[in-house]
Amino acid sequence: MTIAAIDVDPQRTFSPLCPDELPVPEGDQIAPALNAQAELADLRILTKDAHPPQAVWVVDSHDKMLQPLPHPNANLTWVAHAVPGTPGFKTIPGLPAVTDYDHVIWKGIEPDLHPYGACFHDLEERLSTGLIEWLDSQKVTTILVGGLATDYCVKTTALQLQQTGNFKVIVNLSACRGIAPDTTEQACADMQNAGIIVATDLAAVR
Ligand code: VGL
């Protein structure tokens, strides 16, 4: 059994440290839970949102967000977030240096692509980021998933991993926070329906 722990987008942009970006409540509080799940794993992976400041989905205020876009690979409007070189791009305090991870994925740098999952560059899931292939190359059997946000990037990443049929996927809710309660509840139901183990602690690993 080879266990991988994936830290999905644990970036300041998704925390109260960046109130003008996408401040997920308590998004800066998950480092201890992410570190604890990594203790159980053989490999640790970091994924990061990396967006240009201008993109087809960028709007200039929070009240213009979450509008559907008629675009195949950018489905909703968002304010600018996770721009490399800004504080929001950095990981939350308490996590290892990027170079201490075994594998790192950046996603979303193209101005006309806004992916949520870490496995594909595009919403149509044609362009692999190589994450699935890397996990297969390492003979990973079990994946612990935590990060931000439960209702978007954690959900989509977990579903993409589950859909391969190659891994036992466990979403560790103690290491996740969601943007909104209703979409977070729906995300948990969607993940469970897909066969993912959605756990509030790590007992399911053993
Ligand atoms: C995310 C909304 C917009 C996430 C990214 O990382 O969950 N959510 N962009």
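Mentor: Look for Glu26, in the loop between β1 and α1 (31-39); helices (H or I, at least four residues) and strands (E, at least two) are DSSP runs, numbered from the N terminus. Residue numbers start from 1 along each chain as its sequence is written. You're looking at a predicted model, where local features need pLDDT of at least 70, side-chain atom pairs count only at pLDDT 80 or more, and totals for chains, interfaces and linings use all residues. The chain's mean pLDDT (the predictor's confidence in each residue, from 0 to 100) is 97, with 99% of its residues at 70 or more.

Back to Glu26: its phi is near 65 degrees, a positive value in a residue other than glycine. Most residues other than glycine have a negative phi, and most peptide bonds are trans. The peptide bond from Leu148 to Ala149 is cis, with omega near -10 degrees. Ala149 sits in the loop between β6 (142-148) and α3.

Leu148 and Ala149 also turn up around the ligand, along with Asp9, Phe14, Leu22, Asp49, Trp78, Tyr152 and Cys153; the cut-off is a C-beta atom, placed from the backbone, within 6 Å of the molecule. That shell has seven nonpolar, no polar and two charged residues (Ala, Val, Leu, Ile, Met, Phe, Trp, Tyr, Cys and Pro count as nonpolar, Asp, Glu, Lys and Arg as charged, the others, Gly among them, as polar).

Now follow β1 (residues 3-8): five bridges join it to β2 (residues 43-49), and the two run parallel. Ile6, for one, has Ile45 in β2 as its bridge partner. Strands pair if DSSP finds at least two bridges between them. β1 and β2 belong to an open sheet of six strands, ordered β5-β2-β1-β6-β7-β8, with parallel pairing. Its edges are β5 (103-107) and β8 (197-199), each pairing on one side only.
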